[in-house]
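Here's a quick briefing to keep beside the model while you look around. Have the sequence and the 3D view open together.

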Amino acid sequence: MEYEVISNKNNEILLKSDKVKIYLDPSHIIDEEFIFISHAHTDHLLNKKHLKKFNLKNKIISSRETSAIANLRGYSIMDYLGSCEGVQLIDNGHILGSKGLLVNNKIFYTSDLSTRKRAFLKKPEIPKVETLIIESTFGKPEYQFPPLDQIIHQVNSLISEMYARGIPIILMGYSLGKAQILTSLFGTWKPLIVHDDIYRFNEIYKNFGITLEDSIPLSNAKEKEILNKKPWILIYPLTSGKHNFIAYLKERYGAITVGFSGWAINKNYSNFMNLDYVIPFSDHCDFNELVEVVKKSKPEKIFTTHGFQKEFARYLNFIGFNAEPVDKQKINKIKNNKNNKTLDGFF
Ligand SMILES: [Zn+2]
Ligand SMILES: [Zn+2]
């Protein structure tokens, strides 16, 4: 079964053969075809209305972990990998249970990808394929993240220095994925308080066998007045330092904020976010890691998607690959032509 890569009018990618279609992380669908859900971040989950509208029994392709996390987020999906021939789920190192999709050993869709070993997440194996569909969130050369050892050392030194002065610390990262890595890396500092959403995700990770230090949900910490016993560590979703509750913690307890994000490479990021410290640490590949993935995969054709897709495709062409971005503008132009419901390739 030969597949071709297609982008539809919603700029969503699908693989199409003469028999089946596989949507890749769609937010919208128009029929009851296969749907690959790479992981349970909301930008990769199908709109709940669509899930109800279509009968997707045996049509969803996802890992057990992704189904479990999505279900915690109000979905009701099961993994049904068995019913689609020729597909394989491949670890992509992004968050627990996140997968890339390998089709007929020829096409590999990475989805959100990190090839860096981080805490309990292993470095993924990249398959050699003919066609690579790769994310390009940080597909510009300036996005190069420091080694993890250096980050761990830097953050532990900072915490130790603040603890010596009785100053509490708020570590901030995305609730699902980053926060569990932060819990794993810095959870030995006590008392360890975590936002209630993060607590729930930590518990799911533990159910899947990931070892994480025990933590106190923020609501309990408030009830038991643990915040009054400084210093403490709080792991909180990444948000602005001006956010009401964070501003209160800073004012009331003199807490300092540390944000973890790949965007911290940008010089103005800490000002923009109003955070005391920012650390370039991501659940995505940095630029060099993306290039390494492409070189390992040795594809004849590359499609780049998300973030700096144009810039990354341009660079890949420059070093001798054949790459094209998912080009929203061109697709929008064609969208107006009524005869074109789906578009072949990315032009
Ligand atoms: Zn993601
Ligand atoms: Zn994403």
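Domain bounds here come from an automatic or database domain assignment. That assignment gives domain 1 (4-142 + 284-344) and domain 2 (148-279). This is a predicted model, where local features need pLDDT of at least 70, side-chain atom pairs count only at pLDDT 80 or more, and totals for chains, interfaces and linings use all residues. Residues are numbered from 1 along each chain as its sequence is written, while chains are lettered from A and ligands numbered from 1 in the order in which they are written.

**The two domains**

- Taken over C-alpha atoms, the centres of domain 1 and domain 2 are 31 Å apart.
- Contact (C-beta atoms, placed from the backbone, within 7 Å) links 16 residues of domain 1 with 14 residues of domain 2.
- On the domain 1 side of that contact, you'll find 9 nonpolar, 3 polar and 4 charged residues. Nonpolar covers Ala, Val, Leu, Ile, Met, Phe, Trp, Tyr, Cys and Pro, charged covers Asp, Glu, Lys and Arg, and the others, Gly among them, are polar.

- Strands (E, at least two residues) and helices (H or I, at least four) are DSSP runs, numbered from the N terminus.
- In strand β10 (residues 169-172), I169 and L171 point one way, I170 and M172 point the other way, and all are buried. Buried needs 20 or more other C-beta atoms within 10 Å of the residue's own, exposed means 12 or fewer, and partly exposed is in between, with C-beta atoms placed from the backbone.
- Pairing takes at least two DSSP bridges between two strands. β10 runs parallel to strand β13 (residues 233-236) over 4 bridges, and L171 sits opposite I235 of β13.
- β10 also pairs in the parallel sense with strand β14 (residues 256-260), over 4 bridges; there, M172 has G259 as its bridge partner.

**Helices α4 and α5**

- Helix α4 (residues 178-186) packs against helix α5 (residues 196-207) at about 75°, with axes 9 Å apart. The axes are lines fitted to C-alpha atoms, for helices over the stretch in contact, and angles run from 0 to 180 degrees between N-to-C directions.
- That angle makes α4 roughly perpendicular to α5 (65 to 115 degrees).
- A179, Q180 and T183 of α4 meet I198, F201, N202 and Y205 of α5.
- This contact of α4 with α5 has 4 nonpolar, 3 polar and no charged residues.

**E292**

- E292 lies in helix α9 (residues 287-297).
- E292 is partly exposed because 14 other C-beta atoms lie within 10 Å.
- From C-alpha to C-alpha, E292 and I226 are 46 Å apart in space, and 66 residues apart in sequence.

Notes
Angles under 35 degrees count as roughly parallel, over 145 as roughly antiparallel, 65 to 115 as roughly perpendicular and the rest as oblique. Two residues are in contact if their C-beta atoms, placed from the backbone, lie within 7 Å.
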